[in-house]
Amino acid sequence: MLTGLLIAGPASAGEIKADVNADVSVLTDYVWRGQNYGKDGVVQPNFSIDFENGLSLGFWSNYNMDEDRYANNHLVNEIDYTLDYSFKAGIFGLSAGYIFYDFPRGGGHTEEVYGGVSLDAPLSPSLTLYRDVDAIDGTYISFAVGHDFELNDRATLSLFGSLGWGNRAYHKGYFGVEKSSLSDYNIGAALACAVTKKITVTPQVYYSNFVNSDIADAAEAGFYENDGNLYGGVNVSYSF
């Protein structure tokens, strides 16, 4: 998925090494933290540059193919810009970053900062805290686990799951529910198949739903049409 790239830096700093990744997912739904933002097919291009010093820049967008929903069909309805800094300290992996969420066609924008820690241990547990510092002004915490099974030199099966918690402001901002509680859970599987040295094709499937009944009811009555989300598709990545 990652490729080697040398980016010329200042003469005093020498060369800066970076890995570049470009991929695109075609999925039946766009689901984020239990919230369904597209039910009739989405296309999600992604591009990132990962520098060897731990910094990375990311660009991700969602193209909604739904013809009827939210009056923003057949258009890019979300663009995310991410700045991340990650490093390892013994068995711990630490990260901090910033995400700018842009919603074209009058959807406004919001911003999050985050910090996370992961453990180099069985199931690779991780805990990440996201703090919305703009439109929502709330806090969301995600606990995740996962494991990779290398089937052969060309295929790797990944199984993963996560559990999210939101504070009162977070749930009020997204659902109108003034409650701090567990929010959503997500499970998934992905099979990464190296077609060539440069191309990897990854079929994937997910299930996502809310934990708290008040939040689930509010989501179903509102924008997100919650009834549990089983969705999937395929990701294709190319190494330059």
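Start by selecting serine 183: its relative accessible area is 0%, so this residue counts as buried (under 20% relative accessible area is buried, over 50% exposed, partly exposed in between, with a 1.4 Å probe and protein chains only). Keep in mind that this is a predicted model, where local features need pLDDT of at least 70, side-chain atom pairs count only at pLDDT 80 or more, and totals for chains, interfaces and linings use all residues. Residues are numbered from 1 along each chain as its sequence is written, and side-chain values use heavy atoms, with hydrogens and water left out.

Serine 183 is found in strand β13 (helices are DSSP runs of H or I with at least four residues, strands are runs of E with at least two, numbered from the N terminus). Now show what surrounds the serine. Leaving out residues up to four places away in sequence, serine 183 touches residues including Tyr140, Trp165, Tyr170, His171, Phe210 and Asn212 (contact means heavy atoms within 4.5 Å).

Next, colour β13, residues 181–194, and β14, residues 199–210. These two run antiparallel and are joined by nine bridges (strands pair if DSSP finds at least two bridges between them). A hairpin of four residues takes you from β13 to β14.

Carry on to β15, residues 229–238, which runs antiparallel to β14 with ten bridges between them. Select tyrosine 206 and you'll find its bridge partner in β15, tyrosine 231.

Now the helices. Zoom in on asparagine 212, which caps the N-terminal end of α2: a side-chain oxygen lies 2.9 Å from the backbone nitrogen of aspartate 214. Helix α2 spans residues 213–221, and its buried residues are Ile215, Ala216 and Ala219. Look down the axis of α2 and those residues fall within an arc of 100°, so they line one face of the helix (the arc is that of the directions from the helix axis to the C-beta atoms). An α-helix has 3.6 residues a turn, so residues three or four places apart point the same way. The buried residues of α2 pack against α1 (168–175), β13 and β14.

Jump to α1, where Tyr170, His171, Tyr174 and Phe175 are the buried residues. Down the axis of α1 they fall within an arc of 90°, so they too line one face of their helix.

Time for the core. The largest nonpolar core has 20 residues, and those with the most contacts inside it are Tyr30, Trp32, Tyr174, Phe175 and Phe210 (a nonpolar core is a set of buried Ala, Val, Leu, Ile, Met, Phe, Trp, Tyr and Cys residues joined through side-chain atoms within 4.5 Å). The elements giving two or more residues to this core are β3 (30–32), β8 (92–103), α1 and α2. Centre on tryptophan 32: setting aside neighbours within four places in sequence, this residue is in contact with Tyr37, Tyr101, Glu112 and Tyr174.

For a contrast, go to aspartate 153, in the loop between β11 (139–150) and β12 (155–166). Its relative accessibility is 73%, so aspartate 153 counts as exposed.

Finally, colour by pLDDT, the predictor's confidence in each residue, from 0 to 100. The protein averages 90, and 89% of the residues score at least 70. Over residues 1–11 the pLDDT is below 50, though this stretch has 33 contacts in the model beyond near neighbours in sequence.

Key. A polar contact is a pair of N or O atoms within 3.5 Å; within protein, one must be able to donate a hydrogen and the other to accept it, and residues adjacent in sequence count only if both atoms are side-chain atoms.
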